[in-house]
Amino acid sequence: IEAKVHATGYPSSSFLHGDGLRYGNRVWEHTLGTIQTHSINYKVDLDVGGVKNSLVAHDMAFEMARAPWNPEQQIERPRLTKRVLDTEDQAAFRLQSKIPRYIYFAANSKNKWGHQRGYRIQIVSFAGDHVPEASSMERAISWARYKLAVTRRKEEEPTSTSIYNQNDPWTPTVAFSEITWVVYLLLPRTWWPG
């Protein structure tokens with residue numbers, strides 16, 4: 001499963017005057033191509049080989065070991081670390097936070113080599129900072145605080161944003177930061193214990 005987004009169409013522009021170059025680039029004699037951002041929110045309900053899934057993070061750590069060819073020397077040997085992300089807080093990765101090398105939805109079954117079946121979540125890029133959190137407009141796009149947020153499915157939270165938020169960002173129809181963890185990716189309700 002892959003989703004790609006490409007910008008097409010025309011630039012956002014305004015009449016170039018005064019200190020307009022602080023807000024974009026000149027694109028014609030009296031035209032300013034203004035700064036614009038494109039942020040996208042995906043909400044996915046994903047089951048892997050049934051509804052008893054877990055979210056797993058694989059990363060790398062170094063351990064000290066004696067060099068087999070020279071016992072007087074030490075080497076830093078990379079090893080695989082594995083951690084099941086048991087809570088929604090552990091499964092939320094803010095924009096500036098470190099994210100594990102590999103995150104995947106793992107099924108409650110194994111393949112012929114003894115590895116859990118699953119789907120990797122691969123984040124290739126993200127928009128970076130959105131408006132400051134202190135802004136009165138930020139509530140309308142508070143989902144953009146995260147590179148990735150994973151939670152269990154909740155019927156009472158069918159959406160993570162609304163197209164109407166752009167019309168009145170000061171009183172958004174759906175405020176991601178104020179509902180109990182609406183998501184980019186959803187897991188079935190059996191994912192978290194309890």
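A surface patch, as the word is used here, is made of residues with over 30% relative accessible area and no salt bridge, and nonpolar side chains are joined into one patch within 5 Å. In this predicted model, V5, I40, Y42 and V44 make a nonpolar patch of about 330 Å². To find V5, look in the segment before strand 1, which spans 13-15.

Next, let's turn to strands 5 and 6. Strand 5 covers residues 54-67 and strand 6 covers residues 70-84; the two run antiparallel and are joined by twelve bridges. Which residue of strand 6 is the bridge partner of V56? The partner is V84. A hairpin of two residues leads from strand 5 to strand 6.

## An aromatic pair and a charge

How many aromatic pairs does a search of the whole structure find? There is one. Its members are Y146 and F176, in a tilted arrangement with 5.7 Å centre to centre and 55 degrees between the planes. Because Y146 belongs to strand 10 (residues 146-152) while F176 lies in the loop between strand 10 and strand 11 (185-187), the pair ties together parts that are 30 residues apart in sequence.

Are these two residues buried or exposed? Both Y146 and F176 are buried.

Key: Residues are numbered from 1 along each chain as its sequence is written. This is a predicted model: local features need pLDDT of at least 70, side-chain atom pairs count only at pLDDT 80 or more; totals for chains, interfaces and linings use all residues. Side-chain values use heavy atoms; hydrogens and water are left out. Patches are made of residues with over 30% relative accessible area and no salt bridge: like charges are joined within 9 Å, nonpolar side chains (Val, Leu, Ile, Met, Phe, Trp, Tyr) within 5 Å. Accessible areas come from the Shrake-Rupley method with a 1.4 Å probe; for residues, only the protein chains shown count as cover. A salt bridge is a side-chain nitrogen of Lys or Arg within 4 Å of a carboxyl oxygen of Asp or Glu. Helices (H or I, at least four residues) and strands (E, at least two) are DSSP runs, numbered from the N terminus. Two strands pair if DSSP finds at least two bridges between them. Rings of Phe, Tyr and Trp (its six-membered ring) pair if their centres lie within 6.5 Å; planes under 30 degrees apart count as stacked, over 60 as edge-to-face and the rest as tilted. Buried means under 20% relative accessible area, exposed over 50%, partly exposed in between (1.4 Å probe, protein chains only).
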